[in-house]
Amino acid sequence: MKLIDRPLYLQRLMDVKGTPDIKVITGIRRCGKSKLMESFIKKIKATEPDANIIHINFNLDDFEPLEDRHQLISYIESKYDENKNNYVFIDEVQNCKEFEKAINSLHAKEKYDIYITGSNAFLLSSDLATLFTGRTFKISVYPFSFAEFMDYFQLSDRYEAYNQYITVGGMPGAYSYKNESDRMHYIKDVFDTLILRDITQKYKIRNSLLLSRVSNFLQDNISNLTSCKNISDTLSKSGTKNDHKTVFSYLNFLCNAYAFYKITRFDIRGKKYLSTTEKYYLCDHIFRYANLGTKNPDFGRVMENIVAIELLRRGYEVYVGKLYQKEVDFVAIKNSEKLYIQVSDNIEADTTKQRELDPLLKIKDSYPKLLITRTHYPKYDIEGVMVVDIADWLLGNS
């Protein structure tokens, strides 16, 4: 597969290079974690030619003997050079039995800069603190952004490129397939593997059908407010036996495995968090089309999913805003920065435009307010709300 630079992640890795943390590269299966590690190794070699790189890739048969943790430790120790900076990179670390003991042992020696990737079932966001006794630093990797998609395919027309991105998605492994049905088959297989093998095996789930139906419900309802009770009741009405406790557990499993991201609600006026309902967004919108079909593309909700993931990719804390009886799609916070965002596929009709603007216009503070839509025009201002084209915003031109 073609390699492109992913400067956002490479910079994050460079920023923590040399720190005593165990660096854990996480993200959905097949989103490019291994290729990112390869790119980072190349960058270290270019900037630090004298570095000692110890790279173990458990995808290759060459390293099968190291699947015993004692053998892994012995191999790394044999490659150590006390006169150089020693970097340890381990790809698919879960293939080593008791890998956490091996990593903790290496980390305790305080002479290696350690980077690992692995199956999301074994490096769940909720498990990192208990797996490793040393401090971990998580680098969250997402599927290709719109900017990366344009870079990969060398596209110059951003508006036409967005039309392709919304139907092709950001999973780089799918780009090798020229036929749409083959591409969708690959995407569906990746997601089915995530559910049936990773999550099911990790938690010893016996009712994999219920897990699949919870997942399908979330995919069908991206950008809709939902709750555990709502999901459970809807599934019960369709004849799928379940209980609230099990559904709640499955929601957590899907989020911990980076398949979905839960966005909670925030009362803008009362400045407090609300826990009754949330929104769930897919790690990449293309899974929705691969699993549920394209007869109902619902570009507006898919666009909102794209914006949600892009905000997370840029490092924002993201919330759904509530103001009186109005909803603001996103309240995005990073350090002292705050953004209020509405997303709409089309605002040509005056009634639609006013409906999207109203919640933003009612917010009385001075933080930036954006209406992200498809205009194919440069950004413009309406009563303090900046209206910006989705392609421009995704490229950072706003």
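Two strands pair if DSSP finds at least two bridges between them, and strands (E, at least two residues) are, like helices (H or I, at least four), DSSP runs numbered from the N terminus. The exercises below concern a predicted model, in which local features need pLDDT of at least 70 and side-chain atom pairs count only at pLDDT 80 or more, while totals for chains, interfaces and linings use all residues. Residues are numbered from 1 along each chain as its sequence is written, and side-chain values use heavy atoms, with hydrogens and water left out.

**Exercise 1. Pairing and burial of β6**

Find which residue of β8 is the bridge partner of Arg 265, and decide whether β6 is enclosed or open.

Solution. Begin with the two strands, β6 (260–267) and β8 (317–323), which pair in the parallel sense over 3 bridges. Within this pairing, Arg 265 has Val 320 in β8 as its bridge partner. For the second part, apply the burial scale, on which buried means under 20% relative accessible area, exposed over 50% and partly exposed in between (1.4 Å probe, protein chains only). Because 6 of the 8 residues of β6 are buried, the strand is largely enclosed by the rest of the structure.

**Exercise 2. The sheet of five strands**

Work out the strand order of the open sheet of 5 strands, and state which strands stand at its edges.

Solution. The order is β2-β3-β4-β1-β5, with parallel pairing. At the edges stand β2 (52–57) and β5, each of which has a single partner strand, so one side of each is left without a neighbour in the sheet. From one strand to the next the twist averages 15°, where axes are lines fitted to C-alpha atoms (for helices over the stretch in contact) and angles run from 0 to 180 degrees between N-to-C directions.

Next, follow the individual pairings. Strand β2 is joined to β3 (residues 86–91) in the parallel sense over 6 bridges, and His 55 stands opposite Phe 89 in β3. Strand β3 then pairs with β4 over 4 bridges, again in the parallel sense, with Val 88 bridged to Ile 114 of β4. Strand β1 (residues 22–26) and β4 pair in parallel over 3 bridges, and here Ile 25 has Thr 117 as its partner in β4.

Finally, look at the burial of β4 (residues 113–117), in which 5 of 5 residues are buried. Both faces of β4 are covered, with Asp 113, Tyr 115 and Thr 117 buried on one side and Ile 114 and Ile 116 buried on the other.

**Exercise 3. The second largest pocket**

Determine the volume of the second largest pocket, and say which residues lie nearest its centre.

Solution. The search uses a 1 Å grid over the protein atoms alone: a cavity is a set of points where a 1.4 Å probe fits but cannot get out, whereas a pocket is an open set with protein on both sides within 12 Å along at least five of seven lines, and lining residues have an atom within 4 Å of a point. Grid points are joined across faces, edges and corners, and a volume is the space filled by probe spheres set on the points. On this basis the second largest pocket has a volume of about 470 Å³. Its lining comprises 23 residues, of which Lys 138, Ser 140, Tyr 142, Tyr 261 and Leu 312 lie nearest the centre. The elements giving two or more residues to this lining are β5 (136–140), α11 (244–256), β6 and β8.
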